Amino acid sequence: MSNTKTSSSLKTLCRTAIFLALLIAVQFVTRSMGQYVTGSLVNLILIASGLMCGLWGGLAVAVLSPICAFFIPAFPQVVPAVALGNAVLVLLWVLIAGAKNAPIARQAIALVVAAVAKFLTLYLVIVKWLVPMVLTLNEKQMAVLSASFSFPQLITAVIGGVLAMLLVPPLRRALKV
C-alpha cells in the first residue's frame with residue numbers, strides 16, 4: 001500500500017473516530033434539551049460523517065453510536081433498530097448526495113428521501129413490530145417508545161439534513177475533504 005493511500009485511510013479512520021466521539025458527546029450534553037435538539041444534532045453528525053468520511057465511515061458511526069451512547073439503555077432491544085435507522089439515513093444521503101459538489105437539488109432529494117426512509121424504518125421496526133410484539137412493556141413505556149420513534153424522527157432527520165446542507169460544504173472546504 002502506498003504512503004498516500006495509507007495516509008488517506010488513516011485520515012478517514014481518524015475523522016470517523018472524531019465523528020463518533022462527537023456524536024456521543026452531543027447526545028450526553030444535550031439529552032436534557034429534548035428529542036428535537038438532540039435528535040437533530042445526531043442526524044446532522046450522522047449525515048456529515050457519511051459525506052466527509054465516505055459510506056463505510058458514515059455507516060460505522062451510524063451503527064456504533066447507539067451502542068456506545070447507551071451503554072445500559074432502558075430498552076436495549078431497540079439498539080439494533082436505531083442502528084438500522086441511522087444506517088438507512090447515512091446510506092441514502094451518501095448514495096444520493098455524496099459527491100463533493102452535489103447540486104442543491106440532489107441534496108434536497110437526499111434530505112427528503114433519507115428522512116422519510118429513516119422515519120419509516122424506525123416506525124415500522126420499533127413502533128409496529130418491537131413494541132407490540134416483542135417487548136414486554138407497560139402502557140406508559142409503550143406510549144413513550146411509540147411517541148419517540150414516530151413523527152419526531154421525521155422532524156429531526158429533516159432538521160439534521162438542513163443543518164448538514166448548510167455546514168458540510170464549508171467544513172469540507174476547511175478540511176480539504
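Modeller: Here it is, and it is a predicted model. One definition comes first: a residue is buried when its relative accessible area is under 20%. In α6, by that rule, Pro152, Gln153, Leu154, Thr156, Ala157, Gly160, Gly161, Ala164, Met165, Val168 and Arg172 are buried.

Biologist: Why is valine 26 called buried?

Modeller: Valine 26 lies in helix α1. The relative accessibility of valine 26 is 15%, and the cut-off is under 20%. Therefore valine 26 counts as buried.

Biologist: How do you know that valine 82 counts as buried?

Modeller: Valine 82 belongs to helix α3. Its relative accessibility is 17%, and buried means under 20%, so valine 82 counts as buried. The C-alpha atom of valine 82 is separated by 6.6 Å from that of proline 66, 16 residues apart along the chain.

Biologist: What makes valine 42 buried?

Modeller: Valine 42 has its place in helix α2. With a relative accessible area of 9% against a limit of under 20%, valine 42 is buried. From valine 42 to asparagine 138 there are 96 residues in sequence and 28 Å in space, C-alpha to C-alpha.

Biologist: Which residues of the largest nonpolar core touch the most other members?

Modeller: They are Phe19, Leu46, Leu89 and Trp93, out of 37 residues in that core. Two or more residues each come from α1 (3–30), α2 (35–69), α3, α4 (104–134) and α6. The largest share, 12 residues, is from α2.

Biologist: What makes such a set a nonpolar core?

Modeller: Its members must be buried residues of the listed nonpolar kinds, joined through side-chain atoms within 4.5 Å. As background, nonpolar side chains in soluble globular proteins tend to be buried together.

Biologist: How do you know that the span of α6 agrees with its number of residues?

Modeller: α6 has 25 residues, and at 1.5 Å a residue they should span 36 Å. The end C-alpha atoms of α6 are 35 Å apart, so the two values agree.

Biologist: Where does α6 bend?

Modeller: The bend, about 35°, is at leucine 167, and proline 169 follows within four residues. After α6 comes lysine 176, with a positive phi near 55°.

Biologist: Which residues lie nearest the centre of the second largest pocket?

Modeller: Lys100, Asn101, Gln107, Pro169 and Arg172 do, among 14 lining residues. Two or more of the lining residues come from each of α3 (79–97) and α6 (151–175). The largest share, six residues, is from α6. The space in this pocket is about 180 Å³.

Biologist: How many residues of that lining are nonpolar, polar and charged?

Modeller: Nine are nonpolar, two polar and three charged. Lys and Arg count as charged, so Lys100 and Arg172, both named above, belong to the charged group.

Notes: Residues numbered from 1 in each chain as written. Predicted model: local features only at pLDDT ≥ 70, side-chain atom pairs only at ≥ 80, totals over all residues. Heavy atoms only, no water. 1 Å grid on protein atoms, 1.4 Å probe; cavity = no way out; pocket = protein on both sides within 12 Å on 5 of 7 lines; lining within 4 Å. Points joined across faces, edges and corners; volume = space filled by probe spheres on them. Expected span 1.5 Å × (residues − 1). Bend = angle between axes of the 7 residues up to and from the residue. Buried < 20%, exposed > 50% of the residue type's maximum accessible area, 1.4 Å probe, protein only.
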